[in-house]
Amino acid sequence: MPELFAYTDGACSGNPGPGGWGVLLRAMDGDTIVKEKELSGGEAETTNNRMELLAAINALESLARPSTITVVTDSAYVKNGVTGWIFGWKKNGWKTSSKKPVKNVELWQRLDEAQARHKVTWEWVKGHAGHPENERADELARAGMAPFKKKKSA
């Protein structure tokens, strides 16, 4: 059974501004790539955190059946949120410890639902540090953002 990995990244030009998300899905048998799929998308007016969340959500939602997967993100926000903060938020009715509404709550709820179908291991990698799969996810996120960036006039 091949091991499944999702390398995810979000990008934003201005925060808020046009943004994109990218996913490199890879099935590995040892050191051999068995299958690979790339996903990307974007929005005209968004934030970097929303794009990071949407990358992880789309990676998990794209899987046709329950899977064991490692999601690799360069977003401490996503990793810390989904492996730690989310438990308190759910217990507190989607409020932070200071009783404020959780930012991006609909995306956190969607991520929570998406990961519930799977056995997910979350890993963090340093962004823009030469990690080839993370760099590819970044390229996909920028490609997802491209249609939403305003064209510079000559």
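**Annotated binding-site residues and the nonpolar cores**

In the unreviewed UniProt entry, the annotation "binding site" covers Asp9, Glu52 and Asp74. In the predicted model examined here, these residues cluster in space although they are spread over 66 residues of sequence, and the largest C-alpha distance among them is 8.6 Å.

Asp9 lies in strand E1, which spans residues 3-12, and counts as buried because its relative accessibility is 1%, where buried means under 20%. Apart from neighbours within four places in sequence, Asp9 is in contact with both Glu52 and Asp74, and its other contacts include Trp21, Asn134 and Asp138. Glu52, in turn, belongs to helix H1 and is likewise buried, with a relative accessible area of 5%. Beyond its neighbours in sequence, Glu52 is in contact with residues including Asp9, Thr73 and Asp74.

The largest nonpolar core holds 28 residues, of which Val23, Trp108, Leu111 and Trp122 touch the most other members. Two or more residues are given to this core by each of strand E2 (17-29), helix H1 (48-61), strand E4 (68-73), helix H2 (76-91) and helix H3 (105-116), with H1 giving the most, 8 residues. When residues up to four places away in sequence are not counted, Leu111 touches Leu53, Ala56, Ile57, Leu60, Val78, Val82 and Trp122. A second, separate core consists of 7 residues, including Phe5, Tyr7, Val72 and Ala137.

Technical notes. Residues numbered from 1 in each chain as written. Predicted model: local features only at pLDDT ≥ 70, side-chain atom pairs only at ≥ 80, totals over all residues. Heavy atoms only, no water. Core = buried A, V, L, I, M, F, W, Y, C linked by side-chain atoms within 4.5 Å. Buried < 20%, exposed > 50% of the residue type's maximum accessible area, 1.4 Å probe, protein only. Helix = DSSP H or I, 4+ residues; strand = E, 2+ residues; numbered from the N terminus. Contact = heavy atoms within 4.5 Å. UniProt positions renumbered as here; feature names shortened; annotations may be inferred.
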